[in-house]
Each structure stands twice: as C-alpha cells, then as structure tokens.
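Student: Please take me through one part of this model at close range. I want the charged pairs and the packing around them, with the cut-offs stated.

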Amino acid sequence: MTAPTASSSPADAATYDLTSLISPYLDLHMMFPLLEYIDSLISAKAISYSSSDVAQARLSLLKPTHMVDYAMDIYREVHGEEAEIPVEMEEQKREVFRELEELREGQVKMDELFRNEELRANLVQSNQWNVKFITSEPGFEVTPETIATYYKFAKFNYDCGDYQQGRDMLENYISLFASPPKPQKEGEEDEEDDQLAGAPPKTSADDEKTGNPNMYYLTLIDSNLLQVLWGKLSCEILVEDWEEASIALVAVKTAIESLASSHKLTSLEALHQRTWLLHWSLFVFWNDASGKGLESMVELFTSEKYLQAVTTHAPHLLRYLTAAVLLCKRRAAKKAGSNSNAEGRRLLRDLVKVMQQCEYSDPIVEFVDKLSVKFDFEAAQSQLERCETVLSSDFFLCKQTELFMEEARVFVFENYCRIHHKIDLKNLGEKLAMDRDRAERWIVDLIRNAMLDAKIDSEEGCVVMGAGTVSMYEQVMEKTRDLTARSGGLAANLRGYLNDVKRAKSNRDRKAREAMESGEY
C-alpha cells in the first residue's frame, strides 16, 4: 500500500476511520496489514493517531498468537531498544518451539503420505484417497489421531505466521474429504462425440460421487470442515493470492448456505457467518486484478441474505458498496451492450434502497445521496472534497482514489445533464473544479467514451444534451428482469396453497371417519 500525501486533514481521516468497526469481524492476523497502513498514514501525518498506541495495539494482538519473535520486536519498539524482554515472553517462546517439534513428530507419517505423489495419484484414481481407507491400511501407519495432529500442525504454522505452509497443509487436509472428477481415460473421447451427436450421456457411480465443485469437491460439509475452509480463505488472503482467495471465498459461501439450508446452522448463526464473510471479502474484491471483483462484490452485498447482514450487523459496509457501485456502474452498462446507462441507473436505484435501510453516513454515502436523491449539486461538491480524504485513509479504498474521483465527476456530469438541456462550459467547469478549456477536453473524451447523447457548441460555449429516450428493448429488459424470480415465487405460493388444501381435505376426511367409527361403537 502507498501512503497518502500529507495534504489530508488528520482530524477528518481519524473521524472516518472504520478500523475499530471492521476489526471485530476479522481474524487477528488480518489486522496486521491494517495497522501497518495506519503506521504509514501516521508517518505521512495524514491521521491523528499515535504510533505508540498503534504499536501497543499490535502487541496486544500478538499475545494470543505464536509469533513471539515479532512480539519481542514490537515490545522493544514500545518500551525502548534496551528494554528487558519479560520472562513470560521467553517462556512462551520456549513453549512454542517445544509444541512445534511435538506436532511435527506426531504428523510425520501423514506428511510422508502427502509427499508421495505417485501413491497419492493411484489412491485418488481408485477412490481410496480418504480418511477411512488411509486409517484402515496398516502399511501407512496413519491413525485418526495422526490426521488430527496434521490439522493442528497446519493451524500452528498459521499462528506462527507461516501462512504459505499453513495453506499447503490445509489444501492437503481438504483433499482427504473431497471427491474430484476423475481424469479422462482413453476411449472416453468417443463418448463425448456420441453426446455431441445427440446420444444421452453415460453416468457411472464415480460421477455420482463427485463432490461440489464450488467447495473444493467436498462431498459433505459440517461445522469442522467449515472452519477448515475459513482457515484456507484466511491463508489465501494473507499470502495475497487473490485468484485462489476468490475460489476460497466461494467455497466458504457455499458451505455456509449448505449448512443453513440443512438447518445445521441456526438463522442467527448463519447471519453471523455471513457478516464475517462480507468483511473478509473486502480483501478479495478490492484486490481483484481481473476487473470483475467489484461487480461480484455488488452482487454479493445486494443479495437478499447478505443484504440483511449489512443492514442489521454491519451498516458501515455501505461505504464499500457505494464506492463499488460508482466504480463499476459504467463498466456494467458497457457489458450490458446498451446504448444508454440503464444498467448503471438500476445499480444506483438498488443502492439508494440500501442506503434508506442503513443508519450510516460518511462523505462517500452523502455524495451519492445529495446527488441522486436530493439533486443538491453544491452539497454534493462539498462532500466530494471530503471523499478524497476518506478514500486515501481507507486501507481497502486507497488504491482507487484517483479512479473514484474521476467516476464521481462523471456522475456529477450525468446528473447535471439529466435536468438541463444546455449547460454552460464555464459553470460546469467550476462545478468540476476545472477551467473552461480543460472542462471542454474532459467532456469531449467523456462523450466519446461514455456513450452520452450530447454535443459541444463551441460558438456558444455550451454542451447541448440529446433527448435521452429509452429504447423499447431496454424498457422490455427492465420490466422483465425479475420475471423468473417472480414466476418462481408465484409457483411456490401456488404449491403451498395446494398443499394446504390437500391437508385440509385430509383432515376433514380423517375427522369424518373418526366420527363414523365412534357412531358405530
């Protein structure tokens, strides 16, 4: 992360800092990158925090972990280089090394089995790569306790700060409970040709045993395996492998919904799990280099179950949802292939609905509210100036500061154009904090790249807007966008009504029979 310039107001940056609201939903190890960024803000004099307070907070976070050497370094940073290390820290260090060796010895046989790639491939091919077979085969010398020790060793490595080793070990551990599709054998290509020709596909017992591809091909999920998936996601985030982190995020989400639908998680437990997932997902979505991260974030945050988590448990996440919508709405419009920004307007309408349900506000949220709801351009411009401070001091948003400010100017221009037919370039330049010539060049590029129905009249020095009509195609698409969901809801209601009728008829028939029987006797 790059620290912001010293031009930011320290008081404002501290006021808008969300670290204290986000931290309860993060793993302890995820807090260290956030604290490092705060240190960079302090060095740049961009936030009114004390470096000694941050060091003390880091020391408190390190206490439950096994990163004793790091804790000792921070202790000297807080108390001075000549400070004597407490006896408890020295004892903790010796205990960590002792337990590390004990766990390493206890999982040696399991580690050797994982490293034997040829044997492992053969066992996978024969459907014998699982806990039941491995623990029942005397030659492997592996017991259920050995496998449990291997998992403990993976977690211990994670707590020591060796996230790469922890990730690799958890990946091995997950494979014991997974059933991936088998590699194609010779002759199976002919079957594919038959299927292309219209023949029905052939299924086998192996195909039926294949696990869920969205969950590392796990064939089942329980609370213990859910914790393993959480650990895998945490490791991917901390080693900053964002592609794998995206896969791990989907796996955790799939597991939560699977447990919730099978009533292995209560509604409240599922809500808590979703709230944690939303916070962890910030690392993944805001570092996704593919460009699809923000669109995936908007989709997740606005889905019914996760929106409930935002509005009830974490309204501060509205900042990130708002920023994501502004950054991806034009891209979403281009992806939809329309000649106007109908898709962008839909995203904004959905965002405004969420804003009305959340009791949270900051300059980013206020900017959208003033512009989209109240059409107060002066107030929006005032909030936009504060947005730069908020963005540059936010761990997740700091890399997007320039892009956000550019998209915000486009958003101001779009809304200004919606209520004016002719716009004076000089006045518009003032609202965009630009001179007339720069504003004209900027608008020319915008008209060319943003598919705006507008032209510049250089003689009169103004922008002339087109009619902005919505095509019949876009109107039909907008009206029928939720048709499938609504049809499904109607079908479900109809089935429920018919079931109620059947139950009522069954109850009447049963009571009639009971009455006849009681009359006979």
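Tutor: Buried means under 20% relative accessible area, exposed over 50%, and partly exposed in between, with a 1.4 Å probe and protein chains only as cover. The model is predicted, so local features need pLDDT of at least 70 and side-chain atom pairs pLDDT 80 or more, while totals for chains, interfaces and linings use all residues. Residues are numbered from 1 along each chain as its sequence is written, and side-chain values use heavy atoms, without hydrogens or water.

Start with Thr-146. It sits in helix α10, residues 144-159 (helices are DSSP runs of H or I, at least four residues; strands are runs of E, at least two; both are numbered from the N terminus). Its relative accessible area is 9%, so Thr-146 is buried. Beyond its neighbours within four places in sequence, Thr-146 is in contact with Gly-106, Gln-107, Met-110 and Glu-141 (contact: heavy atoms within 4.5 Å).

Follow Glu-141 next. It forms a salt bridge with Lys-109, with the closest N and O atoms 3.8 Å apart. This pair links distant parts of the chain: Glu-141 is in the loop between α9 (131-136) and α10, and Lys-109 is in helix α7, residues 108-115, 32 residues away. The cut-off for a salt bridge is a side-chain nitrogen of Lys or Arg within 4 Å of a carboxyl oxygen of Asp or Glu. Lys-109 counts as partly exposed, because its relative accessibility is 32%.

Stay in helix α7. Asp-111 and Arg-115 both lie there, four residues apart, about one turn of the helix. An α-helix has 3.6 residues a turn, so residues three or four places apart point the same way. The side chains of Asp-111 and Arg-115 meet in a salt bridge at 2.7 Å, N to O.

Now a pair elsewhere in the chain. Arg-167 forms a salt bridge with Glu-236, and the closest N and O atoms are 2.7 Å apart. Arg-167 is in helix α11 (residues 163-175) and Glu-236 in helix α14 (residues 223-238), 69 residues apart, so this pair links distant parts of the chain. Both Arg-167 and Glu-236 are buried. Salt bridges with shared partners join Arg-167, Asp-168, Lys-232, Glu-236 and Asp-241 into one network.

Finally, the setting. The structure holds 23 salt bridges. The chain has 27 helices and three strands. Of its 521 residues, 44% are buried.
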